[in-house]
There are 2 protein chains.
Amino acid sequence: MIKTTRTDTLPDKLATLYAGIESIIGSHKPDIISIEEAFYGKNAKTALLMGHVRGAAMIAGHQAQLEIHEYAARKVKSAVTGNGAADKQQVLYMVKRLLKLKADPVTLDASDALAIAICHGLNHKLSKMGL
Amino acid sequence: MIKTTRTDTLPDKLATLYAGIESIIGSHKPDIISIEEAFYGKNAKTALLMGHVRGAAMIAGHQAQLEIHEYAARKVKSAVTGNGAADKQQVLYMVKRLLKLKADPVTLDASDALAIAICHGLNHKLSKMGL
């Protein structure tokens, strides 16, 4: 998980995020980034902030010449649980099972992130994932 | 002005924007980027999109090790016209006058961008700007 400092300015927080993603890409050398499609809801302030974060993440992926894919939350949940309205606990349960993990993912957000990767794998029949 | 292709995906549009800003930074070698503070209004969809664009722009500035400053639109208008509620035509008029431009800036957006730079100059008493 990438943590930013509360008192930092927005550009500095985004820079921390960018550097964090860059470093993760450097150590894990992925070919693809899968991101949950943004759901903007009704709160414009939250949507604006989320946009900044997603923009920075997409640039990090692009600079590393990765493919970037977006999946709607419904599609992700459906891919791993068969139910587009599944809750996060159910997603975690199936992620653990599908990936044969011995322990739970560290957080529900981590489990969601794994679910998005699984969703991409299933959509592209990536046999390496062994799903 | 940086133009994106309508049919491109959002990550591709952001990449085009990022490359465009990178190229402008490369040719003009600025020390600072000044951006208008985001006004998120009521439209969450627009706010989300604007966030992506601003996030990409901020990363471009950060990667080039530039200082990044944000100014509220009211502050910018007030700095160049003395009226925080001035309209874009009035901003254009004063930008042209303050910078002793012979022709109008190409667009009202370009004039606004120059106004943000002037606002930063005035706030930091940048004597080089000759204001």
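Which domains does the domain assignment of chain A give? The domain assignment gives domain 1 (7-71) and domain 2 (72-131). Please keep in mind that this is a predicted model. Below you will find how chain B meets chain A, and then how the two domains of chain A meet each other.

**How the two chains are related**

**The interface of chain B and chain A**
- The contact brings together 27 residues of chain B and 27 residues of chain A.
- About 2100 Å² is buried between chain B and chain A, and carbon and sulfur atoms give 78% of that area.
- Three residues to look at on your screen are B:Pro11, B:Leu48 and B:Ile59, which supply 25% of the area that chain B buries against chain A, more than any other three residues.
- There are 0 salt bridges between chain B and chain A, while 4 residue pairs are in polar contact across this interface (both at pLDDT 80 or more).
- On the side of chain B that touches chain A, helix H1 (10-28), helix H2 (44-63) and strand S2 (67-71) of chain B are the elements that give two or more residues.
- H2(B) gives the most to that side, with 14 residues.
- By class, the residues on the side of chain B that touches chain A are 15 nonpolar, 7 polar and 5 charged.

**The two domains of chain A**
- The C-alpha centres of domain 1 and domain 2 of chain A are 20 Å apart.
- Their contact takes 8 residues from domain 1 of chain A and 9 residues from domain 2 of chain A.
- About 740 Å² is buried between these two domains of chain A, with 64% of it from carbon and sulfur atoms.
- Within domain 1 of chain A, the residues that lose the most area to domain 2 are A:Ser34, A:Glu36 and A:Tyr71, together 75% of what that side buries.
- Across this domain interface of chain A there are 0 salt bridges and 1 residue pair in polar contact (both at pLDDT 80 or more).
- Strand S1 (32-36) and strand S2 (67-71) of chain A each supply at least two residues of the domain 1 side that touches domain 2, and S1(A) brings the largest share, 4 residues.
- That side of domain 1 of chain A has 3 nonpolar, 2 polar and 3 charged residues.

Key:
Residues are numbered from 1 along each chain as its sequence is written. Chains are lettered from A and ligands numbered from 1 in the order in which they are written. This is a predicted model: local features need pLDDT of at least 70, side-chain atom pairs count only at pLDDT 80 or more; totals for chains, interfaces and linings use all residues. Side-chain values use heavy atoms; hydrogens and water are left out. Contact means heavy atoms within 4.5 Å. Buried area is the accessible area (1.4 Å probe) that two parts lose on being put together, summed over both. A salt bridge is a side-chain nitrogen of Lys or Arg within 4 Å of a carboxyl oxygen of Asp or Glu. A polar contact is a pair of N or O atoms within 3.5 Å; within protein, one must be able to donate a hydrogen and the other to accept it, and residues adjacent in sequence count only if both atoms are side-chain atoms. Ala, Val, Leu, Ile, Met, Phe, Trp, Tyr, Cys and Pro count as nonpolar, Asp, Glu, Lys and Arg as charged, and the others, Gly among them, as polar. Domain bounds come from an automatic or database domain assignment.
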